[in-house]
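Colleague: I've got this model open and I'd like to learn how to read it. Could you walk me through a few features?

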Amino acid sequence: MFSLFETFIVVYETKSFTLAGKYLFISQPTVTVRIKKLEEELKSTLFLRGKHQEIIPTEAAILFYPKAIAYLKKWEEDQAEVQKKSLAKHPFKIGVSHSAALSIMPRIFKVFEDELEHLDVEINMYDSEKVFELVANHDLHFGIIERLLISDQTETFPLFLDELVLAGNTDSETFFTRESGSGIGYYIKRYLKSAPSAQRNIVRMNSNEMIISHIKAGLGSSLISKSFLTDDIPYQELGSNYHREFLGVSFDEEKDPVIQKLISKIKKETEIHYY
């Protein structure tokens with residue numbers, strides 16, 4: 001029906017079957033067939049030929065023209081809406097803690113990399129408490145945190161094991177720590193209670209990269225993930241009390257089947273192991 005309406009409109013506007021055919025990239029006989037088919041559907045004659053073979057719209061055509069325009073406009077709008085929905089990507093919002101952003105997130109990314117064509121992925125970095133809060137409020141679909149946090153709105157599950165070490169210049173009186181809410185902050189507090197009294201100058205930073213750059217420069221020490229060590233960073237192991245899990249967290253009552261599938265895939269394809 002779309003092609004019949006389209007052909008009628010072009011003939012009406014050009015007053016020519018020949019020009020209509022050229023405009024629509026079809027033959028003149030095809031134009032004639034379509035107009036006759038539409039006339040049969042409407043049970044009305046739409047065009048007459050004048051004395052000089054010019055095309056004259058009938059009263060039925062004049063009445064039908066605005067209705068055909070409206071029909072075509074509605075058809076194009078509906079078609080665009082369907083295409084938009086079919087092309088739309090599914091949102092997948094992820095929040096990760098600072099350490100996880102550098103070490104864990106690339107591994108998680110590989111889990112759903114083959115589905116990126118259908119996903120609108122957004123990844124942002126927060127401290128562990130903020131990640132947990134956003135997931136609990138269903139503002140994020142998935143999060144990675146560095147210490148166990150529990151609520152009735154979330155499901156928390158293990159992803160990977162990590163080992164924290166004391167890295168940097170331990171002779172320095174300066175110790176770099178993370179901001180409140182950081183997952184590693186919990187372990188730093190534990191360490192500082194038993195740390196040598198020489199570490200008197202506590203400097204708070206909100207970036208792992210910044211801490212690592214300072215300990216590389218020999219300006220102090222800090223607890224960092226063993227996975228961040230490079231050959232030029234001296235370190236000391238601290239034992240099993242400083243082994244931790246990176247944890248995945250999702251909204252407990254997630255109803256979206258796409259998100260459910262992604263979370264299940266992450267659970268299935270990640271294995272507990274040390275970095």
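Modeller: Let's start with a helix pair: helix 2 (residues 17–24) packs on helix 3 (residues 28–42) at about 105°, and their axes are 8 Å apart. That angle makes helix 2 roughly perpendicular to helix 3. Keep in mind that this is a predicted model, where local features need pLDDT of at least 70, side-chain atom pairs count only at pLDDT 80 or more, and totals for chains, interfaces and linings use all residues. Residues are numbered from 1 along each chain as its sequence is written, and side-chain values use heavy atoms, with hydrogens and water left out.

Colleague: How do I read those helix terms?

Modeller: Helices are DSSP runs (H or I, at least four residues), numbered from the N terminus. Axes are lines fitted to C-alpha atoms over the stretch in contact, and angles run from 0 to 180 degrees between N-to-C directions. Under 35 degrees is roughly parallel, over 145 roughly antiparallel, 65 to 115 roughly perpendicular, and the rest oblique.

Colleague: Which residues in helix 2 and helix 3 meet?

Modeller: Contact means heavy atoms within 4.5 Å. From helix 2 you have Phe17, Thr18, Ala20 and Gly21, and they meet Gln28, Val31, Thr32 and Ile35 of helix 3. The contact residues split into 4 nonpolar, 4 polar and no charged. Here Ala, Val, Leu, Ile, Met, Phe, Trp, Tyr, Cys and Pro count as nonpolar, Asp, Glu, Lys and Arg as charged, and the others, Gly among them, as polar.

Colleague: And what is the angle between helix 6 and helix 10?

Modeller: Helix 6 (residues 105–112) and helix 10 (residues 257–269) pack at about 120°, with axes 9 Å apart, so helix 6 and helix 10 are oblique to each other. Ile108, Val111 and Phe112 in helix 6 meet Leu262, Lys265, Ile266 and Glu269 in helix 10. That contact has 5 nonpolar residues, no polar ones and 2 charged.

Colleague: Is Phe25 buried or exposed?

Modeller: Buried means under 20% relative accessible area, exposed over 50%, and partly exposed in between (1.4 Å probe, protein chains only). Phe25, at 77% relative accessibility, counts as exposed, while Lys15, at 37%, counts as partly exposed.

Definitions and conventions:
Helices (H or I, at least four residues) and strands (E, at least two) are DSSP runs, numbered from the N terminus.
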